[in-house]
Amino acid sequence: MARVTTGITTSHIPALGAAIQTGKTGDDYWSPVFEGYQPIRDWIKQPGNMPDVVVLVYNDHASAFDMNIIPTFAIGCAESFKPADEGWGPRPVPDVIGHPDLAWHIAQSLILDDFDMTILNQMDVDHGCTVPLSMIFGEPEEWPCKVIPFPVNVVTYPPPSGRRCFNLGDSIKAAIESFPEDLNVHVWGTGGMSHQLQGPRAGLINKEFDLNFIDQLIKDPETLSKMPHIEYLREAGSEGIELVMWLIMRGALGDKVKDLYTFYHIPASNTALGALILQPEETAGEALEPRKIMSGHSLSAAA
Amino acid sequence: MSDKKKERIDIHEYLAQFDDIPGTRVFTAQRARKGYNLNQFAMSLMKEENRKRFLADESAYLDEWNLTPAAKQAVLDRDYNAMIDEGGNVYFLSKLFSTDGKSFQFAAGSMTGMTQEEYAEMMLKGGRKPDGVRSIKGGY
Ligand SMILES: [Fe+2]
């Protein structure tokens, strides 16, 4: 049977992709970020850690979907997905190769479990999907595993509630565990953390909120899932609402998790960045050493 | 239907809360409807041939999109706050600033009234603090 072995969270901002593309990953601004990801890049190459398939939860940023079609939860069932042209030409990264058998299986299972999925047989994937792959896998000729893109609407209001996302994660777990092939499956939750990209309040960062969010995500996601949208908006900025997608990842890991690695950094362009490796407690591996890294302005005492 | 299925959110309360966040315009259905043509124009810039045509004659290209005069002027001025007032959404509008070769940091900074240098400096120092900008009514 297929198993959900791991949840990873990561930022997906385009500036990270641009830093890779322009060879800036070693400069003063970006090197702490890429150093913070290096332990994840090393970890995932260890025997047993490389997934066969990643269910990659992200939001489309007005790329595959325009104002004409706005699916709340969608799943990519195609054989492959091309990087989208978001206004500066497509990111020069490999096509994303899907896993149609598992994707269709998940889609069917979720619909039977009362989640009315939108099924996508043709879609381009934007930075929300491809930047996480670059951050975790670097710049390979082709991605080392299959990827099922799982776009969630967090742009046009209302996005799904945290509660709904958390429950969806649980249903994704059940769906994966009923797939007959023996597969190591990861569920990644991307986006966040606190950031606001619009209006006079742009540039908002809330370190205290972010660190609490990480803590509760690990220890008490049940309570965290009840946080209303307004609190995300007030505390984490208008684009911080992306964090509801982390609850999908968390819901797919079951009751108790072990945090293998936590990285938190301020700022990456306009955002605070969080990257975690979590595993279900029963099947968790060794924590990384060091287990927690804070860098950039996140180290300063004042929150 | 004897027992209540679940706690329902009151849609009017839900939407009204959004007006209480300083300096923030949440992309509600009302804004999405108002900005439909503006956002669809921005989406059209995902094609290289459209970017070329737009940059060659912005005004003529914009006339193809049935924009309000205010929306058209906002685009010509690259006034992102004004575009958001016209129902634009930053992820749609990103196609416009990407066409100009500008970043999210540039666009976000341009909406704050700060210079690019001041905005970059604020971000390096940990970003804008949430204190005092969470709620207009609550003042916290
Ligand atoms: Fe995003």
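The following conversation goes through a predicted model and asks what each description of it rests on.

Colleague: What makes His12(A), His61(A) and Glu242(A) donors of the iron ion?

Modeller: Donors are N, O and S atoms within 2.8 Å of the metal, and the iron ion is coordinated by NE2 of His12(A), NE2 of His61(A) and OE of Glu242(A) at 1.9 to 2.1 Å, so these atoms meet the cut-off. Along the chain, the donors follow the spacing H-x48-H-x180-E. His12(A) belongs to the loop between β1 (3-10) and α1 (14-21) of chain A, while His61(A) belongs to the loop between β2 (53-58) and β3 (74-76) of chain A, so the pair ties together parts that are 49 residues apart in sequence.

Colleague: How do you know that His12(A) is buried, and what is the relative accessibility of His61(A)?

Modeller: A residue counts as buried under 20% relative accessible area; His12(A) has a value of 2%, and His61(A) is also given at 2%, so both are called buried.

Colleague: Why do β8 (146-151) and β12 (292-296) of chain A stand at the edges of their sheet?

Modeller: The open sheet has 7 strands in the order β8-β2-β9-β1-β11-β10-β12 of chain A, with mixed pairing. β8 and β12 of chain A each have a single partner strand, so one side of each is left without a neighbour in the sheet. From one strand to the next, the twist averages 15°.

Colleague: Why is α6(A) called roughly parallel to α9(A)?

Modeller: The axes of α6 (residues 207-219) and α9 (residues 244-251) of chain A come within 10 Å and cross at roughly 25°. Angles under 35 degrees count as roughly parallel, so α6(A) is roughly parallel to α9(A). Their crossing is right-handed. The contact is made by Phe213(A), Ile214(A), Leu217(A) and Ile218(A) of α6(A) together with Trp246(A), Leu247(A), Met249(A) and Arg250(A) of α9(A).

Colleague: What makes β5 (96-97) and β7 (124-125) of chain A edge strands?

Modeller: In the open sheet of 3 strands, ordered β5-β4-β7 in chain A with mixed pairing, β5(A) and β7(A) each pair on one side only. Strand β4 (residues 80-83) of chain A runs antiparallel to β5(A) and is joined to it by 2 bridges; at least two bridges are needed for pairing, so this pair qualifies. Ser80(A) stands opposite Ile97(A) in β5(A).

Methods:
Residues numbered from 1 in each chain as written. Chains lettered and ligands numbered in written order. Predicted model: local features only at pLDDT ≥ 70, side-chain atom pairs only at ≥ 80, totals over all residues. Heavy atoms only, no water. Donors = N, O, S within 2.8 Å, 3.2 Å for Na, K, Ca; no water. Helix = DSSP H or I, 4+ residues; strand = E, 2+ residues; numbered from the N terminus. Buried < 20%, exposed > 50% of the residue type's maximum accessible area, 1.4 Å probe, protein only. Axes fitted to C-alpha atoms, helices over the stretch in contact; angles between N-to-C directions. Parallel < 35°, antiparallel > 145°, perpendicular 65-115°, else oblique. Left-handed = near helix turned anticlockwise from the far one by under 90°. Contact = heavy atoms within 4.5 Å.
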